[in-house]
Amino acid sequence: MDIQSLSTEKVIDIQKSTLPNSGKPDINKLEGALFRVQTLKDHEGSEDVFKFTAMYLIAIAKAYTFNDANKQTAFQATGIFLILNGFELNASFELVKLTILATIGEADGDNTAFALKVLSNYRNDLLEGTITNDGS
């Protein structure tokens, strides 16, 4: 699988769409955050889209690259990255909580990756026939 990544410019565009007047980002911090994602591939040999997604969420949120909206930018970048790679997040309050927990260091990469799998359309085929229209 050829995993699509997010460029520095794309993350800045995501942040500008969130908060257009937030000022100039710290490019060095943002590039450092995105380098953490690349490190997963280069040094750990990971091909797990959800591990990359978790690292985007954690690294962007914790980098404090922007004057404001760092968590929101990380959250939106996470969703966009998954869409680029064929997955979608389900609407869920737990995603907001996961973003906050990842930001404050209470959710590591592996746990965050697992939670993102559960909170996405990953392997929804396993649910076929288990849920009916009447909620049972």
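A: The structure holds three salt bridges, a salt bridge being a side-chain nitrogen of Lys or Arg within 4 Å of a carboxyl oxygen of Asp or Glu. As background, side chains of opposite charge can pair when their charged atoms come close. Do keep in mind that this is a predicted model, in which local features need pLDDT of at least 70, side-chain atom pairs count only at pLDDT 80 or more, and totals for chains, interfaces and linings use all residues. Residues are numbered from 1 along each chain as its sequence is written, and side-chain values use heavy atoms, with hydrogens and water left out.

Let's start with Asp 48 and Lys 117, whose side chains meet at 3.6 Å, N to O. Asp 48 sits in the loop between α2 (27-44) and α3 (49-63), while Lys 117 belongs to helix α6 (residues 109-118), so this pair ties together parts that are 69 residues apart in sequence. Helices here are DSSP runs of H or I with at least four residues, strands are E runs of at least two, and both are numbered from the N terminus. Asp 48 is partly exposed, with a relative accessible area of 22%, and Lys 117 is partly exposed with a value of 22%. On this scale, buried means under 20% relative accessible area, exposed means over 50%, and partly exposed lies in between (1.4 Å probe, protein chains only).

Next come Asp 110 and Lys 51, which form a salt bridge at 3.7 Å, N to O. Asp 110 lies in helix α6 and Lys 51 in helix α3, so this bridge ties together parts that are 59 residues apart in sequence. Asp 110 is exposed, at 52% relative accessible area, whereas Lys 51 counts as partly exposed at 33%.

The remaining bridge joins Asp 125 to Arg 123, with the closest N and O atoms 3.0 Å apart. Asp 125 counts as partly exposed at 42% relative accessibility, and Arg 123 counts as partly exposed at 40%.

The chain has six helices and zero strands, following the pattern α-α-α-α-α-α along the sequence. Its radius of gyration is 15 Å, close to the 14 Å that the globule rule gives for 136 residues, so the chain is as compact as a globular protein of that length. That radius is taken over C-alpha atoms, and the rule is 2.2 Å times the number of residues to the power 0.38. The C-alpha atoms fill a box of roughly 50 × 35 × 25 Å along the principal axes, and 39% of the 136 residues count as buried. Among contacts (heavy atoms within 4.5 Å) between residues at least 6 apart in sequence, 70% join residues at least 24 apart.
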